[in-house]
Every structure is written in structure tokens, then in C-alpha cells.
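Dear colleague,

Please find below the structure that I am handing over to you, together with its sequence. My findings follow directly after it.

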Amino acid sequence: MTSSIKVIHPNRPSTPCGVFSLRQHFATSLIGHETCYLFVNGVLQELNWFKQSYRSWFLGNYISEDGCIYAATTIDPVFLFLPIFEEARLKKADCPGKFRSLDEIIFIDGYPGYQHLLPLAENCMQVVCEIKEIGSSKYFRLDDTKVLAWLYCKVSKLKQTLPLLDKNYAAQDEKDALTSTVSILGEYVKDEPWLSLLCDNLNLNLPNEKAPKVEVFPCAMESNVGSSTSLQEKSRSDKKSNRTGKQAKKVKLETKSQNIKEMFCRASRSRS
């Protein structure tokens, strides 16, 4: 099963609203969901959506009830291209696969959006591929040894960074820290063959449940934040009702932004 990825490219007027679709087939945990990326000035960024209860935004003299936030963080494009190159090499048990040109590898029927990322693929995929040059043409084939070395590098960097971001990670022993690191990395690569290959080489057994991942931005042009908020509140109410045996009080959601000055004026008049 595959679904689409939305890539926002504001510098390309030829694409409606600066968005084009890609085939979603890399992170097992994301199968069935749309994922959004920003592609700005040659840099690919993953777009995530965060929402907490009882949070609003103060915008000048107004309060916006929608307290969610969208955060874009740089992501290594190799994560995006890895399953495409793996599939394209046509590897067999007794054969490491074929060398193919980038035009062949990146061409995916029904998903022309990948062509916009062709220069990005040429620059970043050399680190995990064998390359043959014939005249002015280059041919690529994914190399398992190089992919494993690249994964080792990601594990090392992430393992050093996590304790700086959260004290809970800083308190972990060596084995737990390695497990947490590989679990997070596992959200971006397939279980087979890459996550299993990495765990085998690290002599690591991951728990069945992977590390929690922040909610990925569904689609900027299609999502309805209000309805999403309502679903979250309903879910919390249902859980509370199940624990207490009573009907939980529904949270009243504001439907419009309000002027702060007007709110204080009304409060002053009511006290007088």
C-alpha cells in the first residue's frame, strides 16, 4: 500500500500552489498517511504539526483559538531516495543488481514530482551508491555496505545529540541510549532490509513498539485543523468517561478570534 507525499516548492510557479505529489513508500510507520515536505533553495525539510490542549495564539490585539504550530526541520534526502534506489537496482540473491541512470531511477510512473528532485538525488546519493562513469553519463547502484556505514553515522550523531535535547535521554545507560536512537531512526527506514541489518550489526534487539513519533503534517492545503482539534478533544473525553464511568463534560471550542481590548472592556462593565 502506498500513499502520496506533498512537497511544497514555492519557487516553482509551474506547479499549482507550489505543491507536487510523491509516492509514499519509505517509512513503515507512515504508510497510509500523507507527508509534507518543504523544498526551498535546494534544501528538503520535513513539515510536522504540533497541537497541545488549551493553547492559543496572541496575534496583536486578537486571540486565535487555534494554538497549533507547524515546524519545518531539515531532513537528509537519502531517507527519501533510499527505497527508490533499492527497488531500482533489481537486486537478486546471486546478483548485487544493475547500474542505472538517474533518469531511469527517478522516473516513477504517475509521480512526475520526483523529476523536480533530480539534482538533489545526484548530489546526495553518491554517499550510498557505487557509481560508474561512461563518457559524460553516470550510472548508480545502491551499495549495502555504504548504506550500512551511512546508518552507523546517523546513529552516532543522533546518539550524541539526544542527551542535549532531553534529560531523560541523558539519564539512560549505554544500551538503552542505543536502543532509543535506533528506534527513532527506524521511523525513517524500512524494517527490511535496513533496520534489521543495522540491528544485527549492532547486536541489538529492538522492542516491538517503536519510539513515538511526532504527528506528521497531513497536508497544508487539505487539512482542517478545527475538525482535527474536535477529534482530539472527543478522544480525551471518551477516555475520561471510560475511567470514571460518568459522561465527561465536553470542552467548548471557540469558533472565532476575539479582540483582547473588547474582552477587558466587557469584564470591566460587568464588575461596575
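In which sense do S4 and strand S7 (residues 69–74) pair, and over how many bridges? The two strands pair in the antiparallel sense, over six bridges. Pairing here requires that DSSP finds at least two bridges between two strands. Asn 48 has Ala 71 in S7 as its bridge partner. Strand S4 (residues 43–50) is largely enclosed by the rest of the structure, because six of its eight residues are buried. Buried stands for under 20% relative accessible area, exposed for over 50%, and partly exposed for values in between (1.4 Å probe, protein chains only). Helices (H or I, at least four residues) and strands (E, at least two) are DSSP runs, numbered from the N terminus.

Please note that this is a predicted model, in which local features need pLDDT of at least 70, side-chain atom pairs count only at pLDDT 80 or more, and totals for chains, interfaces and linings use all residues. Residues are numbered from 1 along each chain as its sequence is written, and side-chain values use heavy atoms, with hydrogens and water left out.

H1 is mostly covered, with 10 of its 11 residues buried. Among these buried residues are Phe 79, Phe 81, Phe 85 and also Glu 86. Leu 90, which follows H1, has a positive phi near 55°.

The largest nonpolar core holds 42 residues, of which Phe 81, Phe 85, Met 125, Val 128, Leu 142, Leu 151 and Val 182 touch the most other members. H1 gives the largest share of this core, namely eight residues. A nonpolar core is a set of buried Ala, Val, Leu, Ile, Met, Phe, Trp, Tyr and Cys residues joined through side-chain atoms within 4.5 Å. Once neighbours within four places in sequence are set aside, Val 128 is in contact (heavy atoms within 4.5 Å) with Val 78, Leu 142, Asp 143, Lys 146, Val 147 and Trp 150.

Salt bridges

A search of the whole structure finds six salt bridges. The criterion is a side-chain nitrogen of Lys or Arg within 4 Å of a carboxyl oxygen of Asp or Glu.

Arg 89 and Asp 144 form a salt bridge, their closest N and O atoms being 2.9 Å apart. Arg 89 lies in the loop between helix H1 (78–88) and helix H2 (102–106), and Asp 144 in helix H4 (residues 144–165), so this pair ties together parts that are 55 residues apart in sequence. Arg 89 counts as buried because its relative accessibility is 5%, whereas Asp 144, at 24%, counts as partly exposed. Arg 89 and Asp 144 are also linked with Lys 91 in a network of salt bridges.

Arg 141 meets Glu 130 in a salt bridge, at 3.0 Å from N to O. This pair links distant parts of the chain, with Arg 141 in strand S9 (residues 137–142) and Glu 130 in strand S8 (residues 129–134), 11 residues apart. Arg 141 is buried at 13% relative accessibility, while Glu 130 is partly exposed at 27%.

Lys 159 and Glu 174 meet in a salt bridge at 2.7 Å, N to O. Because Lys 159 lies in helix H4 and Glu 174 in helix H6 (residues 174–185), the pair ties together parts that are 15 residues apart in sequence. Lys 159 counts as partly exposed, at 24% relative accessibility, and Glu 174 is exposed, with a relative accessible area of 55%.

With kind regards
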